[in-house]
Amino acid sequence: MMQAATETRCNGHSMVGSLQRVLVCSPAAAGWNQPDRANQWRDLGFHHAPDFDEASAQHAALVHELEAAGAEIIELPAAADFSVDAVYAHDASLATDFGLIVMRPGKASRMAEARHHRALCQHLGIPILGEISAAGTTEAGDIVWLDSKTLLVGHGFRTNAEGIEQLRRLLAPKGVEVLSAPLPYASGPTSCLHLMSLISLLDERTALVDLPWLAVETVELLKQLGFQIVEVDYSERETLACNVLALGEKRLLAIEENHKTNDHLRRAGFEVRTFSGSELCINGGGGPTCLTRPLLRVNCATRPQSHQ
C-alpha cells in the first residue's frame with residue numbers, strides 16, 4: 001500500500017545497502033492511460049504502444065516486492081508535463097549523503113521530471129545539494145556508486161562531459177571522486193545504453209555486467225577495486241538482464257523473464273525475487289533500477305541494534 005513519508009531522512013553513496021525508502025512513479029502518474037501521451041511511444045523508443053492495465057499490474061507487483069523487502073514507498077505525484085518515460089523514476093535525481101542532486105536529462109522530453117523530483121524532495125524536507133545546468137546533461141541511469149567515495153559516471157548520449165564536470169565540482173568538496181566511463185555507440189542515440197544497462201552492483205564486492213559492451217578501462221577499474229564479476233546470459237541482453245536492483249543483505253529484485261541470468265545470480269549466492277516486466281520494463285527499456293529512485297539505504301554495519 002502506498003504511504004506518505006513521515007520522515008525526512010535521505011542518503012546515498014551506496015547502491016547495495018538495505019533499501020529503506022524509495023521513490024516510484026506509477027503508470028497512472030506518468031500518463032500511460034492518457035492517449036495523447038501514450039501515442040508518443042515511437043518517438044520515446046518503446047517497442048509497441050503501452051498497455052496501461054498490464055503495466056499497472058506489473059508496477060503493483062514491483063511495489064509489493066519493495067514493501068516486502070522492508071522499503072517505504074513514496075509515490076511521485078502525477079504532472080501534466082510528464083511523458084510516459086516518467087515511470088522510470090531513477091533518472092531525474094541522484095541521492096547523496098548531503099542531499100539531492102537534480103539532474104538535467106539528456107532526453108529533452110524528460111526535463112520536467114527533474115523539476116518535480118526537486119519539488120517533492122523539498123516538500124519532504126530533503127535538502128538540495130545542487131542541480132545540473134545547461135549545457136550539462138546528466139541522467140542517473142549513467143551513475144554508479146562504486147563505494148562511498150567513488151562515483152562512476154557514464155559518458156554517452158544522455159550524460160555529457162560538461163554534466164560530469166558539474167557533478168565533479170559539486171562532490172569534490174565532499175570528498176567524492178567522480179570518474180568518467182566511456183559508453184559505446186551501440187545502436188545510436190535513439191536506443192542509448194545507460195551505464196546501468198551494463199553494470200548492476202549486487203553487493204559491496206560483486207557486480208553483474210554485460211562484459212563485451214563495457215570499455216576495457218571500466219572492467220580494469222572494477223577488478224582493481226576488487227569486484228567479483230558475474231556475467232549476464234547474453235541471450236537475455238535485449239530483455240534487460242543486467243538491470244537488477246540490490247535490496248541489501250544478498251537480496252536482489254530482477255525481471256522474471258530473464259530465467260538464465262537469474263539462475264546465474266542464485267548460483268552466485270543471491271536471493272533473487274522477481275516480477276514480470278514484459279510491458280513495464282522490456283517495452284520501454286527500463287528495468288527494476290530504472291523504476292526506482294532509492295532515497296535511503298542502511299548498511300548492515302550501521303544498522304541500529306535492538307536491545308532486549
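**Figure 1. Lining of the second largest pocket, by class.** Seven nonpolar, six polar and five charged residues make up the lining of the second largest pocket. The model is predicted. In total, 18 residues line this pocket. His13, Ser14, Met15, Ser148 and Asn299 lie nearest its centre. Of the elements, β6 gives the most, with three residues. The volume of the second largest pocket is about 220 Å³.

**Figure 2. The largest pocket.** This pocket holds about 840 Å³. Its lining counts 35 residues. Nearest the centre of the largest pocket lie Ser191, Cys192, Leu193, Leu240 and Gly285. By class, 14 of the lining residues are nonpolar, 13 are polar and eight are charged.

Figure 3. One cavity reaches 30 Å³ or more. The largest cavity has a volume of about 230 Å³. It is lined by 24 residues, with Ser14, Met15, His90, Pro294 and Arg297 closest to its centre. Two or more lining residues come from each of β3 (93–96), β6, β9, β12 (245–248) and β15. Of these, β15 gives the most, with four residues. The lining of the largest cavity has 14 nonpolar residues, eight polar residues and two charged residues.

Figure 4. Ser14 and Met15 are among the residues nearest the centre of the second largest pocket. Ser14 and Met15 are also among the residues closest to the centre of the largest cavity. The main contributor is β6 at the second largest pocket, and β15 at the largest cavity.

**Figure 5. The whole protein, for context.** The fold has eight helices and 15 strands. Its C-alpha atoms fill a box of roughly 50 × 50 × 45 Å along the principal axes. Buried residues account for 55% of the 308. Of the contacts with a separation of 6 or more, 71% join residues 24 or more positions apart. The accessible surface is about 12800 Å², and carbon and sulfur atoms hold 51% of it.

Key
Residues numbered from 1 in each chain as written. Predicted model: local features only at pLDDT ≥ 70, side-chain atom pairs only at ≥ 80, totals over all residues. Heavy atoms only, no water. 1 Å grid on protein atoms, 1.4 Å probe; cavity = no way out; pocket = protein on both sides within 12 Å on 5 of 7 lines; lining within 4 Å. Points joined across faces, edges and corners; volume = space filled by probe spheres on them. Nonpolar A, V, L, I, M, F, W, Y, C, P; charged D, E, K, R; others polar. Buried < 20%, exposed > 50% of the residue type's maximum accessible area, 1.4 Å probe, protein only. Contact = heavy atoms within 4.5 Å. Areas by Shrake-Rupley, 256 points an atom, 1.4 Å probe, with all protein chains shown as cover.
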